[in-house]
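These are my notebook entries on one protein model. I set down what I looked up, one topic at a time.

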Amino acid sequence: MRGARACAPALALHRSDMHADYADDGQHDVCEFLECFLESVRSRECLRGAYGIWGHLQTDVPSATHVDRLFGFVLETRRRCGLTVRSWYERSFFLRLLPLRERGGACTVAEMYLASFVPTLTQVACGSCGLNAEHASQVRMFTCPNVLFVQVQRIPGVPRVPVHPEEHLDLPGCPPLRLDAVVYHAGRSVANSGHYTCACRDTAGRFRCYADAWPVVPVDPELGQVEPLARYLLLYLYLD
C-alpha cells in the first residue's frame, strides 16, 4: 500500500538472541549482522541433526543444512607456486566484490566479479615450496546459491565508486539471477555511523523503499538511478 508505515521486523526486535553484541541500540554492519544470523540458524539446524554431508570442502564439519542449500555456495581459491597450482574450497554466504572505477560510469556486478578472476600476488607461507613468498592467487564461485548476497566492499577513507547492479545478472557458471533487493548506506562507516535504507521488490514486481519507520513508498526514479555511491548489499534470486 502506498504510504504504509513500516513495522519493526521480529528479527530486529530479537536481535540479541543471536549475539550479545547486538543487544544495544548502536549501529552495526548489516553484512556482519546478516552473516551472524545465518550462522546462528545453521548452528541450530546442526544441533537438531537437520543436515547432510557436503563433501570436498576444507572444513572440520562437512555438513549442509537448509540454510546452506538456500544461501550457501562454495568458493574456490587457486594459488600458484612456480608451476604448481593448488585449490582450496570453502563455504560462504557472501560474494564480496571490490568496486572498480570505470571511465564509462558505474561498474556492474559482472565487471566486479570478472575482475576478481585476475590473479593477485599474495604473501603466504607455502606448503609446497616451504617459503614465505609471493604467490599468484585467484578466487571464484565454484557453485551458485538459490539466493546470492553480493557485498560491495566499501573501504573507510577511500572515495566511493558508483555501482550499477544489473536487474538480470548472468555470471560464468551460474544460472540467470534477478535483483530483488538493494541495501544502501549513507555515511562514512558502514559499522559505526550513517544510515541504512533498502529497496525490495514486492509481489507485483515493483521496488519499494524502506527507511526505518518512515512510510513505505515506491522507488522513484528507477532503481538504477538511486544512490549509486551508497549501494552496499545486493540480493539476487534464482528463478527456476
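Before placing any residue, I note that helices and strands here are DSSP runs, numbered from the N terminus. With that numbering, I place I155 in the loop between β10 and β11 (163-164).

**Entry 1. Confidence and overall make-up**

I record at the outset that this is a predicted model. I looked up the confidence and found an average pLDDT of 83 for the protein, with 87% of the residues scoring at least 70. Confidence is lowest in strand β1 (residues 4-5), where the mean is 56. It is highest in strand β10 (residues 147-152), at 96.

I then listed the elements: the protein has four helices and 17 strands. Of its 240 residues, 37% are buried. I noted an accessible surface of about 14000 Å², and 56% of this belongs to carbon and sulfur atoms. I also looked at contacts between residues at least 6 apart in sequence; 57% of them join residues at least 24 apart.

**Entry 2. The nonpolar cores**

I recalled a general point first: in soluble globular proteins, nonpolar side chains tend to be buried together. I then asked which residues have the most contacts inside the largest nonpolar core. They are L95, M141, L148, L171 and Y236, in a core of 30 residues. The elements that give two or more residues to this core are β4 (73-81), β6 (94-97), α4 (109-115), β10, β13 (177-186) and β17 (231-238).

Residues up to four places away in sequence being left out, M141 touches F73, V74, L75, L95, Y113, L148, L171 and C174. Apart from this core lies another, of 14 residues, and I noted L38, V183, Y196 and C198 among them.

**Entry 3. A110 in helix α4**

I located A110 in helix α4. Is A110 buried or exposed? Its relative accessibility is 18%, and the cut-off for buried is under 20%, so A110 counts as buried. Beyond residues up to four places away in sequence, A110 touches E166, L169 and L171. I also compared positions: A110 and D170 are 60 residues apart in sequence, and their C-alpha atoms are 7.3 Å apart in space.

**Entry 4. A nonpolar patch on the surface**

I turned to the surface and found a nonpolar patch formed by L98, I155 and V158. Together these residues have about 270 Å² of accessible area.

Next I looked up charged pairs. As a general point, side chains of opposite charge can pair when their charged atoms come close. How many salt bridges does the structure hold? I recorded 11.

I began with D68, which lies in helix α3 (residues 66-71). D68 is buried, with a relative accessible area of 2%. Setting aside neighbours within four places in sequence, I found D68 in contact with R42, W54, S63, R91 and F93.

One of these contacts, R91, forms a salt bridge with D68, and the closest N and O atoms are 3.8 Å apart. R91 lies in strand β5 (residues 84-92) and D68 in helix α3, so the pair ties together parts that are 23 residues apart in sequence. I noted a contrast in cover: R91 is partly exposed at 25% relative accessibility, whereas D68 is buried at 2%.

**Entry 5. D180 and its two arginine partners**

I then examined D180, which counts as buried at 14% relative accessibility. Which side chain meets D180 in a salt bridge at 2.7 Å, N to O? It is that of R178, a residue that counts as partly exposed at 22% relative accessibility.

D180 also forms a salt bridge with R201, the closest N and O atoms being 3.3 Å apart. This pair links distant parts of the chain, with D180 in strand β13 and R201 in strand β14 (residues 195-201), 21 residues apart. R201 counts as buried, at 14% relative accessibility.

Finally, I noted that salt bridges that share partners join E39, R42, D68 and R91 into one network.

How values were computed:
Residues numbered from 1 in each chain as written. Predicted model: local features only at pLDDT ≥ 70, side-chain atom pairs only at ≥ 80, totals over all residues. Heavy atoms only, no water. pLDDT = per-residue confidence, 0-100. Core = buried A, V, L, I, M, F, W, Y, C linked by side-chain atoms within 4.5 Å. Buried < 20%, exposed > 50% of the residue type's maximum accessible area, 1.4 Å probe, protein only. Contact = heavy atoms within 4.5 Å. Patch = residues over 30% accessible without salt bridge, like charges linked within 9 Å, V, L, I, M, F, W, Y side chains within 5 Å. Areas by Shrake-Rupley, 256 points an atom, 1.4 Å probe, with all protein chains shown as cover. Salt bridge = Lys/Arg side-chain N within 4 Å of Asp/Glu carboxyl O.
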